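Me: Please take a close look at one part of this model for me. I would like to follow how the two copies meet, and then zoom in on a single residue there.

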2 protein chains.
Amino acid sequence: MKLAKKNLDERLNHTYDAIIVGGGAGGLSAAIYLARYRLSCLVIEKGRGRSLWMQHLTNYLGLPPDTPGRDMLKQGQEHALSVGADYLNGYVERVTDEGDTFAVQVKVGKKDSIYPVFRCKYLVAASGIIDNLPQLGDMQNVYNYAGYNLHVCLICDGYEMSDKRCGLFVNSEGAINTAFVLNWFTPYISIVTGGTCTVGEEMRAKLAKHGYPLYEQPIAKFLGRNHEMTGVEFTDGSVLELETGLVAMGSHYFSEYLQDFDLKRDGNNLVTDEMCRTSHPRIFALGDLKQGLNQVSIAVADGTLAATAIWREIRRSSPPRIWTENVKQRDLSLI
Amino acid sequence: MKLAKKNLDERLNHTYDAIIVGGGAGGLSAAIYLARYRLSCLVIEKGRGRSLWMQHLTNYLGLPPDTPGRDMLKQGQEHALSVGADYLNGYVERVTDEGDTFAVQVKVGKKDSIYPVFRCKYLVAASGIIDNLPQLGDMQNVYNYAGYNLHVCLICDGYEMSDKRCGLFVNSEGAINTAFVLNWFTPYISIVTGGTCTVGEEMRAKLAKHGYPLYEQPIAKFLGRNHEMTGVEFTDGSVLELETGLVAMGSHYFSEYLQDFDLKRDGNNLVTDEMCRTSHPRIFALGDLKQGLNQVSIAVADGTLAATAIWREIRRSSPPRIWTENVKQRDLSLI
């Protein structure tokens with residue numbers, strides 16, 4: 001059932017088997033599986049996630065490669081609702097462990113916000129990451145191209161950049177090393193720091209050896225039209241012509257609501273076992289939040305794994321359903 | 001490119017980066033990723049795989065739950081071809097390790113068969129399993145219902161069996177234990193051995209305690225119409241009415257072509273690392289052939305992982321592509 005301000009009261013006395021924070025690929029896959037395991041679950045989606053920005057899902061089996069991410073999300077939301085999952089647009093502010101349950105505090109509505117608290121036995125952290133983008137005065141200028149031919153994922157979109165003149169947009173010297181993987185796809189790489197970081201002599205020498213020019217002036221704006229970026233104009237008026245771009249500026253991890261938990265991490269990524277269980281036995285993490293590849297296919301499989309682990313645990317601790325004599329007489333017909 | 005008898009000669013002198021045995025969900029996902037990593041790959045599909053039998057992909061994110069497996073496979077095949085993978089209908093008879101390459105011997109064509117040998121650096125075993133079905137004199141009677149409401153996967157289709165009168169078709173006493181998981185979904189379970197195995201006193205007592213009747217007569221035929229199974233008629237003329245069924249009779253693993261390799265296994269399943277690499281460093285295994293859940297979502301992610309591991313290894317052993325002065329002058333325009 002789709003929840004909103006007007007009807008969410010119905011669920012405040014219910015303890016969900018699982019609450020899933022994030023309605024992206026991983027979260028929706030988890031919801032579909034959980035619901036099909038006849039478990040109650042609630043997906044809480046804050047909106048504007050990473051897969052919503054994807055203009056083309058170029059590498060996900062079963063969908064034509066020009067399918068926008070939003071189409072997959074819409075289909076998945078309908079699918080989850082059709083098998084009995086609950087879905088709520090809201091922002092999870094905090095999760096607290098009550099022993100056998102978690103209390104999940106949500107902000108619902110941007111205006112006249114309300115702050116309901118939902119309860120669940122298991123928590124699935126599927127809230128993902130969002131890529132940092134070049135910070136310009138006019139961010140709309142960036143959004144016009146990000147997700148089109150200004151890419152954020154080398155694994156997803158390296159192929160699209162094949163042998164094209166590519167700007168690599170970085171905000172740290174370390175991120176420049178992305179060039180030495182990107183060059184599998186194209187050698188025509190220009191490094192653009194926009195003046196956000198300093199670059200040492202060793203890196204300059206390495207770039208020179210590879211023939212990759214370095215641009216350190218601040219960016220004024222991206223050039224292009226119809227969502228096709230054709231270059232960058234710097235504040236000094238100079239222009240760098242490009243055919244494509246890759247932004248490698250790190251990501252923001254949406255996991256502030258887990259602040260009360262000292263979960264094991266590897267850098268920013270949550271460490272999980274083979275079933276996506278974190279170091280807390282009742283918290284699972286999926287997709288981009290955890291270690292491993294940031295791919296739709298991986299998140300979808302993660303949802304499968306976490307849901308199955310939760311189901312196993314709940315099933316094994318539940319009494320078996322027997323076929324009583326009454327039921328047998330009513331339902332079985334042996335002619 | 002789609003290969004066939006008339007054009008496959010073109011590829012006999014080529015060493016593929018990878019050959020993928022099996023064009024199911026895992027194999028096609030691997031092909032899409034490998035091709036997008038600009039690696040050459042060939043998918044060899046024998047036909048009639050497990051996902052082709054699926055009438056409804058009920059739990060795969062992004063596709064409506066009434067999507068037939070064959071639609072996903074068709075889309076995936078087109079997708080892989082569109083990014084440059086090769087695809088051949090054929091049966092892989094044997095793989096031999098030549099040191100840096102594998103020789104893959106294929107039977108092509110059921111009539112006037114030819115036996116080409118293709119070569120590759122990496123092998124991806126994605127040939128899956130097929131479920132054993134009750135063996136009746138008229139197998140068409142079984143095929144009329146298998147994949148419809150006579151299911152083979154509890155995880156995929158338990159939900160469809162919820163609270164229905166379900167026949168559990170087994171061919172070993174051990175398989176009867178499936179009932180004690182199936183009963184999460186329905187308690188109205190009738191065990192049907194068809195006389196294929198003996199059942200000990202302990203199991204009989206356990207079934208009696210749960211109220212699950214046991215039918216040990218040989219099966220004459222399934223009853224029903226329009227692919228909807230409504231029961232079983234035994235050879236003694238008695239009829240068991242059912243609303244659904246689950247076949248738990250084990251599976252055949254399609255991995256005979258790996259006979260020359262002493263790969264590490266766990267029962268029938270290949271043991272792999274977190275990137276789907278088997279105990280042979282250049283052989284990967286995906287989906288149902290390996291340990292873990294037999295789910296489309298898992299196979300698709302496995303394809304992503306194996307392709308990425310192969311790409312990493314080939315990339316790291318390749319010289320970096322530099323932007324030479326000539327190229328720079330031709331391609332870079334800094335106005």
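Reply: This is a predicted model.

Now take one residue, Ser297(B). It sits in helix 8 of chain B. Is Ser297(B) buried or exposed? Its relative accessible area is 2%, under the 20% cut-off, so Ser297(B) counts as buried. Its side chain makes a polar contact, at 2.7 Å, with the side chain of Thr304(A). Beyond its neighbours within four places in sequence, Ser297(B) also touches residues of chain A including Tyr33(A), Ser297(A), Val300(A) and Ala301(A). From chain B, Tyr60(B) is in contact with Ser297(B).

Helix 8 also has a partner within chain B. Helix 1 of chain B (residues 25-36) packs with helix 8 of chain B (residues 296-316) at an angle of about 35 degrees. Their axes are 7 Å apart. The crossing is right-handed. On helix 1 of chain B, the contact residues include Gly26(B), Ala30(B) and Tyr33(B). On helix 8 of chain B, they include Val300(B), Gly303(B) and Thr304(B). By class, this contact has nine nonpolar, four polar and no charged residues.

Methods:
Residues numbered from 1 in each chain as written. Chains lettered and ligands numbered in written order. Predicted model: local features only at pLDDT ≥ 70, side-chain atom pairs only at ≥ 80, totals over all residues. Heavy atoms only, no water. Axes fitted to C-alpha atoms, helices over the stretch in contact; angles between N-to-C directions. Helix = DSSP H or I, 4+ residues; strand = E, 2+ residues; numbered from the N terminus. Left-handed = near helix turned anticlockwise from the far one by under 90°. Contact = heavy atoms within 4.5 Å. Nonpolar A, V, L, I, M, F, W, Y, C, P; charged D, E, K, R; others polar. Buried < 20%, exposed > 50% of the residue type's maximum accessible area, 1.4 Å probe, protein only. Polar contact = N/O pair within 3.5 Å; in protein donor to acceptor, adjacent residues only side chain to side chain.
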